[in-house]
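Hi everyone, thanks for making time today.

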Amino acid sequence: KIVPKKTSIKKLVKGRRYIKVTIGKVSKQCSGYTVQVATNSKFTKGVKTVSTKSYKTTVKKIKNLKSGKKYYVRVRAYKKVNGTRYSGSWSKVRTVTVK
């Protein structure tokens, strides 16, 4: 079974209607990262999911968020093998309030 190592959120930068997430790099064993943003801690409301296409991309910007709203953010690494995507476990959840 192929399971990438757990990653973490190194830095969160809030801006006008966006969040910039810096991801802790997980060597060459992964194909990229998945960043998930939600308006509640259980990730059931207002969920946005974006992925990077390379393990080298460690900064991802999530746009079109609501100003003054609190968001919950988590990341995980994934490995693509023969068209199948294997994901690692989610990082610790961090919160940020958008400007």
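Ala-38 sits in strand 3, and strands here are DSSP E runs of at least two residues, while helices are H or I runs of at least four, numbered from the N terminus. Before I go on: this is a predicted model, where local features need pLDDT of at least 70 and side-chain atom pairs count only at pLDDT 80 or more, while totals for chains, interfaces and linings use all residues. Residues are numbered from 1 along each chain as its sequence is written, and side-chain values use heavy atoms, with hydrogens and water left out.

So, is Ala-38 buried or exposed? Ala-38 is buried, at a relative accessible area of 0%; buried means under 20%, exposed over 50%, and partly exposed in between, with a 1.4 Å probe and protein chains only. Setting aside neighbours within four places in sequence, Ala-38 has contacts that include Phe-43, Val-47 and Tyr-71, a contact being heavy atoms within 4.5 Å.

Now, what does strand 3 pair with? Strand 3, residues 32–38, is joined by 7 bridges to strand 6, residues 70–81, and the two run antiparallel. For pairing, DSSP has to find at least two bridges between the strands.

The hairpin of strand 6 and strand 7 has 2 residues between the strands, and in it Asn-82 takes a positive phi near 50 degrees.

Staying in strand 6, please find Arg-74. What is the relative accessibility of Arg-74? The value is 18%, so Arg-74 counts as buried. Its side chain makes a polar contact with the side chain of Gln-36, at 2.6 Å. A polar contact is a pair of N or O atoms within 3.5 Å; within protein, one must be able to donate a hydrogen and the other to accept it, and residues adjacent in sequence count only if both atoms are side-chain atoms.

Arg-74 also lies over the face of Trp-90, 4.2 Å from the ring centre. The criterion is NZ of Lys or CZ of Arg within 6 Å of the ring centre and within 35 degrees of the ring normal. Arg-85 lies over Tyr-78 in this way too, at 3.7 Å from the ring centre.

Next is Ser-31, in the loop between strand 2 and strand 3. Ser-31 is buried, with a relative accessible area of 19%. A polar atom of the Ser-31 side chain lies 2.9 Å from the backbone nitrogen of Lys-80. Beyond four places in sequence, Ser-31 has contacts including Lys-53, Tyr-55 and Tyr-78.

Strand 2, residues 18–23, is joined to strand 5 by 4 bridges, and Ile-19 has Ile-62 as its bridge partner.
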